[in-house]
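Take a walk through this structure with a few plain questions in mind.

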Amino acid sequence: MKKALILLLFITTNCFSQKQFQVFFDFNQDVPNKKSTETLITFLAENKNIEVLKLSGFCDSVDTQQYNKVLAEKRIESIVQLLKENNVKVNQNLERNAVGEEFKQSKIQAENRKVTIFYRDEEQKPIESQLTKQIKNAKVGETIKLPNIYFYNNSPQIVPSSISTLDQLLSAMEENPNLKIEIQGHICCQTVHDIGDVSTARARAIYNYLLRFNINQDRMTYKGFGSSRPVHKIPEKNEDEANDNRRVEILIISN
């Protein structure tokens, strides 16, 4: 277990310009354990050009959901203080996500007591992707599907594997200052209406992501269409058709 924990301390997942770093806590503690604190401080000293974008706090499954939500919030706050003490740049719209125990738990409880730091290396320039090229060459009125955008079930929370696509969209917005878009959310499977207006919430989540990186709000709007514009007839025949209907697109307003 100790070997696994030490390995996890050093995990940084590169998603174009965004990465992750995990910090671990002892049982029922709201400050990181000594090993994690030392590792984080060393990491920050060696990476002075990062900007922290989001902090997600997690707990093991001991105690109640409410208690663990509060504990997760305290763990996030302790990391915020550590970042301040080490003069780390924190985005002015820092997202704090207190997950608590409501996630897929590892069988090793020590791996569940953590805060994940999402950060961006300001010196890193992502390579132009097929999506950024497509957006750059798009005509006004053209609609482009954002590939590999996924959300947690019936939620506007974006899964980490989708961040690379968002970074590509961000790059296109940064490199083309005249580009204006409408972000359009769509859902699958529902034939009557969008319960909870999930399609709008998902479009807004991408809008907020771009806003967090200082893309001017005058360049973006967002709208949810529910299941009113399916690619495949509802009910879908299989999961592939459902995924095609459950999508986010951008409409090119001007470029």
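Thr132 is found in helix H4, residues 130-136. Helices here are DSSP runs of H or I with at least four residues, strands are E runs of at least two, and both are numbered from the N terminus. This is a predicted model: local features need pLDDT of at least 70, side-chain atom pairs count only at pLDDT 80 or more, and totals for chains, interfaces and linings use all residues. Residues are numbered from 1 along each chain as its sequence is written, and side-chain values use heavy atoms, with hydrogens and water left out.

Is Thr132 buried or exposed? Thr132 counts as buried because its relative accessibility is 3%. Buried means under 20% relative accessible area, exposed over 50%, and partly exposed in between, with a 1.4 Å probe and protein chains only. The side chain of Thr132 also reaches the backbone oxygen of Ser129 at 2.8 Å.

Now look at the rings. A pair of aromatic rings is described by the distance of the centres and the angle of the planes. Rings of Phe, Tyr and Trp (its six-membered ring) pair if their centres lie within 6.5 Å; planes under 30 degrees apart are stacked, over 60 edge-to-face, and the rest tilted. The count comes to five aromatic pairs. One of them is Phe58 with Phe103, an edge-to-face pair with 4.8 Å centre to centre and 70 degrees between the planes. This pair links distant parts of the chain: Phe58 is in strand E2, Phe103 is in the loop between E3 and E4, and they are 45 residues apart. Phe58 counts as buried because its relative accessibility is 12%. Phe103, at 22%, counts as partly exposed. Phe21, Phe43 and Tyr119 form one aromatic cluster.

Charges meet rings too. A charge sits over a ring if NZ of Lys or CZ of Arg is within 6 Å of the ring centre and within 35 degrees of the ring normal. The charged end of Lys114 sits over the ring of Phe58, 5.1 Å from its centre. The charged end of Lys54 sits over the ring of Phe118, also 5.1 Å from the ring centre.

Conventions:
A polar contact is a pair of N or O atoms within 3.5 Å; within protein, one must be able to donate a hydrogen and the other to accept it, and residues adjacent in sequence count only if both atoms are side-chain atoms.
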